Amino acid sequence: MDASVSSKLSDKSTFETDVRGIVTPKYVRAASASDAVAGVQPSFVVEPGSERELAKVLKLAYGAGLAVIPRGGGTKLEWGNRPARADVILSTARLNRVIEHPWADLTVSVEAGCTLAKLQETVAKHRQRLALDTLWAERATVGGVLSTNDSGALRLRFGSLRDLVIGVTVSLTDGTVASSGGKVVKNVAGYDLPKLLTGALGTLAVITRAIFRLHPLPKETRTISCVTSNSAEAQQLVHELQNSKLAQSALQICWGAGIQPRVDVLFEGTEAGLAAQVQQAKAMLGAAPVRDAGRDVWDARQEVCSAAKSSGEFAVAKFATLPAELAETLEMIAGLCSGELRWSVVVQATGIGWVRLKGAVGKIDSVLRQLRANLEGREGSLVLAHRIAGTSELDAWGDAGDALPLMRAVKGQFDPLGTLNPGRFVGGI
């Protein structure tokens with residue numbers, strides 16, 4: 001046997017023995033096929049029961065030169081590139097408590113393994129909410145949502161996830177447990193680590209808890225939808241609504257092969273206030289057909305992404321474009337598919353959207369490449385969230401531009417040996 005292979009096996013065996021002494025044998029198991037990450041098979045799954053246990057496990061893996069894949073609910077493990085290595089799945093499933101909810105301060109402290117559904121249910125007892133509409137909230141965890149920077153149409157009114165997180169506690173690869181931010185909304189102490197870690201795909205540190213700012217639950221909600229004749233009309237309506245004095249909480253365009261573009265608008269407030277806003281909105285929309293819609297229209301983004309999980313024939317990508325170019329981007333997608341692919345799109349008024357493609361693998365690959373090139377040439381971007389066989393060589397992230405050297409330097413400071421999610425992030429970080 002090759003000496004390096006023998007040494008690696010010895011390191012893994014020692015790691016397994018030592019980690020059993022930390023979390024007990026009950027929470028260490030051999031990884032199964034279902035634990036594979038983008039086809040890369042890890043050796044172990046470890047479930048620490050506390051922040052200190054997680055830090056000790058991570059330090060052991062770092063010392064043994066093992067690659068660690070942090071995992072929460074596993075809803076977005078396919079996002080990003082294929083990992084260069086995968087030895088240990090570090091699960092936060094047991095770190096699932098809502099630690100503290102000082103409701104008078106409109107904040108909440110929660111462990112990384114807590115699901116968004118559980119968090120929302122807890123704070124709703126005091127008529128509050130985390131103003132975040134993430135994908136698969138029943139299974140998605142706080143740590144996973146932060147690592148992937150997943151937010152939906154509510155960001156139009158309440159801001160992105162980086163605006164909602166005000167503090168984090170993390171474990172670094174050397175076993176250090178560090179905290180940044182505070183328990184109040186207005187806090188200027190220290191480096192803004194929460195914003196740095198949001199969207200870093202778990203490549204810098206493992207998030208163990210987070211503190212969020214909360215918002216009151218609305219007394220009432222009302223959604224109206226308007227079917228338009230084309231994408232230009234849809235964009236015009238979106239811009240008119242945004243430029244008005246109306247206080248919509250969410251605004252999106254849905255379109256796809258064989259259907260007309262539809263604009264959805266969400267209003268929140270009192271019953272009297274909603275009636276007045278809806279009346280004004282309908283007057284602005286003029287002769288366009290407007291109907292009251294249910295909350296299900298806001299599941300459009302999840303429907304686009306979830307369809308990919310039921311069949312290998314789909315590809316799903318997240319894109320960003322300038323809000324002034326929504327119609328041009330939608331027409332570009334329709335033109336590239338040109339009747340050869342089934343496609344559906346949901347795009348928020350902020351310019352962030354999701355597209356699902358179904359059809360011949362070669363055509364899907366070609367459309368994704370052309371769409372990325374066109375978007376990047378117009379100050380936009382395209383990130384693959386679900387790929388199919390035949391598009392595996394297509395990088396998930398696209399061009400990082402001038403930011404890549406700085407990103408590599410930050411990675412080197414936080415994780416010098418490339419222990420966490422190696423190869424999965426932008427530029428193979």
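Residues are numbered from 1 along each chain as its sequence is written. In this predicted model, local features need pLDDT of at least 70 and side-chain atom pairs pLDDT 80 or more, whereas totals for chains, interfaces and linings use all residues.

View 1. A pocket is an open set of points on a 1 Å grid over the protein atoms alone, where a 1.4 Å probe fits, with protein on both sides within 12 Å along at least five of seven lines; lining residues have an atom within 4 Å of a point. Its lining has 38 residues, and R162, G199, W397, F425 and V426 lie nearest the centre.

**View 2. The setting of the largest pocket.** Because domain 2 (98-216) and domain 4 (300-402) both contribute lining residues, the largest pocket lies between them; the domain bounds come from an automatic or database domain assignment. The lining comprises 21 nonpolar, 10 polar and 7 charged residues (Ala, Val, Leu, Ile, Met, Phe, Trp, Tyr, Cys and Pro are nonpolar; Asp, Glu, Lys and Arg charged; the others, Gly among them, polar).

**View 3. The second largest pocket.** This pocket holds about 620 Å³ of space. L132, D133, T134, R295 and W298 are the closest to its centre among 28 lining residues. The lining of the second largest pocket divides into 14 nonpolar, 7 polar and 7 charged residues.

Definitions and conventions. Side-chain values use heavy atoms; hydrogens and water are left out. Grid points are joined across faces, edges and corners, and a volume is the space filled by probe spheres set on the points.
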